[in-house]
Amino acid sequence: MLELHNVSHVYSNGVRALDDVSLQIPKGMFGLLGPNGAGKSTLMRTVATLQTPTSGRISFDGIDILSDPEALRKRLGYLPQDFGVYPRVSAYDMLDHMAVLKGIASRPARKETVETLLAQVNLWDVRKKAIAGFSGGMRQRFGIAQALIGNPDLIIVDEPTAGLDPEERNRFLNLLAEIGENVVVILSTHIVEDVADLCPSMAVLVNGSVQLQGAPKDLMERAAGTIWAKTIERGEIEAYRKMYEVISTRLFAGQTIIHILSPTDPGDGFASAPGGLEDVYLSTLTAARRDDAGSDHCGIAA
């Protein structure tokens, strides 16, 4: 169990990236969903012991990771958002080098580790190819391979599917799902589908604060009766924005479908929408931004 208690982080320029974050994350896949700039990467770097929070406590299976970061690092696998420049050495040689850095000194043990991981992430056939020539998806799979060295109990992946094509995204998500059966895996992303497809529990982070947390199914059930949809002409969007709390718009067959947030039936031709996870997420963003602006409209409570 990973536990965060009242974690805040203020950068030297005064920017508050994290604001009193408290979470309990059990074994399995956990989705941390939020827009760009929400503080997700700051939180992931903090949990990964790459920076110390301004205040708060973080523990993992009884380890105080702020006072004993090295104990956590021995059990951590981390795939950051920017995995860095890939050298012109083979995937096999690079993974072998990383295994040495992770403390696997025995050559036979490293050989077994490297070969097992390359097969697990489906890179065995290109093990002798330079990583510099890998596609984006292949690089991400190599990234998760290096994160798995040493059989970590806590794995953090930060925006792992951004920029991947649908086939590579599905392959990568299936790999994460297999890994997440026995360890704590935190999937930090702004892509709603990644969380909906994989995570039995999740949280939404906006402006450095946790706005919503729970099981996606439960959160969608709570949204029932608060999301309403209507098809309008594109030129009517601004008028509807002035009358209702519009959370999303999309074009369909030359017309625009809008979704609005309302605790009661707004009438005016609106029909109740099913309230998928995307609607829950967008409603949460809308409510958070409205609260920041000091408005009194109602939204979905966290």
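**Close-up views of a predicted model**

View 1. Ser8 is found in strand β1 (strands, E, of at least two residues and helices, H or I, of at least four are DSSP runs numbered from the N terminus). The model is predicted: local features need pLDDT of at least 70, side-chain atom pairs count only at pLDDT 80 or more, and totals for chains, interfaces and linings use all residues. Residues are numbered from 1 along each chain as its sequence is written, and side-chain values use heavy atoms, with hydrogens and water left out. Ser8 has a relative accessible area of 7% and is therefore buried (under 20%; exposed is over 50%, partly exposed in between; 1.4 Å probe, protein chains only). Residues touching Ser8 (heavy atoms within 4.5 Å) include Arg16, Leu18, Pro53 and Thr54, leaving aside residues up to four places away in sequence.

**View 2. The open sheet.** Four strands, in the order β2-β1-β4-β5, form an open sheet with antiparallel pairing (two strands pair if DSSP finds at least two bridges between them). At the edges are β2 (16–25) and β5 (63–64), each pairing on one side only. Two bridges join β4 (residues 55–60) to β5 in the antiparallel sense, and Phe60 stands opposite Ile63 in β5.

**View 3. Helices α5 and α6.** The axes of α5 (residues 136–147) and α6 (residues 166–179) come within 9 Å and cross at roughly 15 degrees (axes are lines fitted to C-alpha atoms, for helices over the stretch in contact; angles run from 0 to 180 degrees between N-to-C directions). α5 is therefore roughly parallel to α6 (under 35 degrees; over 145 is roughly antiparallel, 65 to 115 roughly perpendicular and the rest oblique). Among the contacting residues are Met138 and Ile144 of α5 and Phe172 and Leu175 of α6.
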